[in-house]
Amino acid sequence: MLTPESVDDLHCDAVRALSFAACDDALSTREFVAIEAHLHRCVRCRNRYLSDAVFLRATRNAVALDSAPQSLRDRVAHILQPRAAENASA
Ligand SMILES: [Zn+2]
């Protein structure tokens, strides 16, 4: 996580380390604004950020397409239900 002092002077290593978090809306507004400012002036980090965004979107789409059918999810939930009750009483 960035400190308030480090946000104003981001270097490429810090931006690239936070690239996925920025794509995933997992940063504070201050952090995102600092990264966005860096991306405007650094083409290498901007290309990395865009690549991470494409990868993240493709991963989410693949996961959505490969979700288990509802009948399987219902059976797994049914199987796990007694165990959840056992764990709650232990
Ligand atoms: Zn950079």
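Is Arg46 buried, exposed or partly exposed? Let's work that out. One caution: this is a predicted model.

Start with the count. Arg46 has 16 C-beta neighbours inside 10 Å. Buried takes 20 or more, and exposed takes 12 or fewer. So Arg46 counts as partly exposed, because its 16 neighbours put it in between.

Now, where does Arg46 sit? Arg46 is in helix H5, which covers residues 43–65. On to its surroundings. Take Val15, 31 residues away along the chain. The C-alpha atoms of Val15 and Arg46 are 9.4 Å apart. Then Leu39. Setting aside neighbours within four places in sequence, Leu39 contacts Cys45, Arg46 and Tyr49.

Some of those names come back in the core. The largest nonpolar core holds 7 residues: Val15, Leu18, Ala34, Ile35, Leu39, Cys45 and Tyr49. Which elements give two or more residues to this core? They are helix H4, residues 29–41, and H5. H4 supplies the largest share, with 3 residues. As background, nonpolar side chains in soluble globular proteins tend to be buried together.

Now step back to the whole chain. How many helices and strands does the secondary structure come to? There are 6 helices and 0 strands. Along the sequence, the pattern reads α-α-α-α-α-α. The chain has 90 residues, and buried residues make up 11% of them.

Last, the contacts. Consider those between residues at least 6 apart in sequence. Of these, 63% join residues at least 24 apart.

Back to our opening residue, then. Arg46 is a partly exposed residue in H5, and one of the contacts of Leu39.

Technical notes. Residues numbered from 1 in each chain as written. Predicted model: local features only at pLDDT ≥ 70, side-chain atom pairs only at ≥ 80, totals over all residues. Helix = DSSP H or I, 4+ residues; strand = E, 2+ residues; numbered from the N terminus. Contact = placed C-beta atoms within 7 Å. Core = buried A, V, L, I, M, F, W, Y, C linked by C-beta atoms within 7 Å.
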